[in-house]
Amino acid sequence: MKYLKVPFLLIWRLWFYLLMIITILVMSPLLLLFTFKEAHYHIFWRIARVLSKILIYGMGFRLNVQFDEELEPNKSYMFCPNHTSLMDPFVLIAISKNPIVFVGKQELVKIPVFGFFYKRVVIMVDRNNPESRRRVFSMAKKRLQNGVSMAIFPEGLVPEEDVILAPFKKGAFSLAIEFEIPIVPQVYYDCKRLFSWDIFKGGMGVFRVRQHKFISTKGLSLKDRDQLKDKTFDMIYNDLANDKKYMKDTNSTK
């Protein structure tokens, strides 16, 4: 029975890329228009949210989001979700009305069509280059002055299928302390199970998301960075470890 699903899974995966390319091409005039100036980023974000919802719902997914605390309009935050799937950024965009700038990897620029717009709106970082890291701080400061939030997947990678949550990098927490913006921990329970990097696995279903209460960075200094990082890690890890569906899927490769 498992092997009978393979052709349908491959067609379904191909549909994702076709849907993404078609949607971006159709919206490209608007995307181009509103990425030329920083002042237009709020309008670009609304378009990006429409695009993300088309991808999510067009793939047969639904969203079930629990907000332990609501965002305030025109306030900056540092979003820190766990990372398990290519769908994660689209989920984050779809559920946040506040404009967000991602700090992302340069490798994603290589994706056709998507990469063209990605490099125009994402702060790209080469983690092996100290100059690149300094550039992130400079660009982040400029964006945050306009009331835009930031998002960093603190694991820095998509972990192996049998890993609950990979160790966090320090970048997101350094930036949050530097600019005194609250950490927004988000937990994505189902993206790995329903749309993992394994193309022979997955299916339509509901993406459950929990947005925890925010963690304040007011009054903190860099010496508090590791404690802040560990607090955020523990909050997300405990949620994942106590979720039966997530753990059943995570342990499936052992």
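1. Basis of the values. The model is predicted, so local features need pLDDT of at least 70 and side-chain atom pairs count only at pLDDT 80 or more, while totals for chains, interfaces and linings use all residues. Residues are numbered from 1 along each chain as its sequence is written, and side-chain values use heavy atoms, with hydrogens and water left out.

2. Overall content. The chain comprises nine helices and seven strands, taken as DSSP runs numbered from the N terminus (helices: H or I, at least four residues; strands: E, at least two). Of its 254 residues, 49% are buried; buried means under 20% relative accessible area, exposed over 50% and partly exposed in between, with a 1.4 Å probe and protein chains only. Among contacts with a separation of 6 or more, 74% are between residues 24 or more positions apart, a contact being heavy atoms within 4.5 Å.

3. Aromatic pairs. The count comes to 14 aromatic pairs. Rings of Phe, Tyr and Trp (its six-membered ring) pair if their centres lie within 6.5 Å; planes under 30 degrees apart count as stacked, over 60 as edge-to-face and the rest as tilted. Ring pairs join Trp12, Phe16, Tyr17, Phe61, Phe90, Phe195 and Phe207 into a cluster.

4. Trp12 and Phe61. These rings form an edge-to-face pair, 5.6 Å centre to centre with 70 degrees between the planes. Trp12 belongs to helix α1 (residues 6-33) and Phe61 to strand β1 (residues 61-67), so that the pair links distant parts of the chain, 49 residues apart. Trp12 counts as buried at 10% relative accessibility, and Phe61 counts as buried at 0%.

5. Phe16 and Phe195. The ring centres of Phe16 and Phe195 are 5.0 Å apart and their planes stand at 55 degrees, so the pair is tilted. Because Phe16 lies in helix α1 and Phe195 in helix α7 (residues 191-195), the pair ties together parts that are 179 residues apart in sequence. Phe16 is buried at 0% relative accessibility, and Phe195 is buried at 2%. The charged end of Arg13 sits over the ring of Phe195, 4.1 Å from its centre; this term requires NZ of Lys or CZ of Arg within 6 Å of the ring centre and within 35 degrees of the ring normal.

6. Helices α6 and α8. Helix α6 (residues 171-178) packs with helix α8 (residues 225-241) at an angle of about 120 degrees, their axes being 9 Å apart. Axes are lines fitted to C-alpha atoms, for helices over the stretch in contact, and angles run from 0 to 180 degrees between N-to-C directions. In this contact Phe173, Ser174 and Ile177 of α6 meet Arg225, Leu228, Lys229 and Thr232 of α8. By class, the contact of α6 with α8 holds three nonpolar, two polar and two charged residues.

7. Positive phi values. Most residues other than glycine have a negative phi. Asn74 has a positive phi, near 60 degrees; Asn74 lies in the loop between β1 and β2 (78-81) and is exposed, with a relative accessible area of 70%. Glu180 likewise is not a glycine and has a positive phi of about 50 degrees. Glu180 is found in the loop between α6 and β6 (183-188) and counts as partly exposed at 43% relative accessibility.

Technical notes. Nonpolar A, V, L, I, M, F, W, Y, C, P; charged D, E, K, R; others polar.
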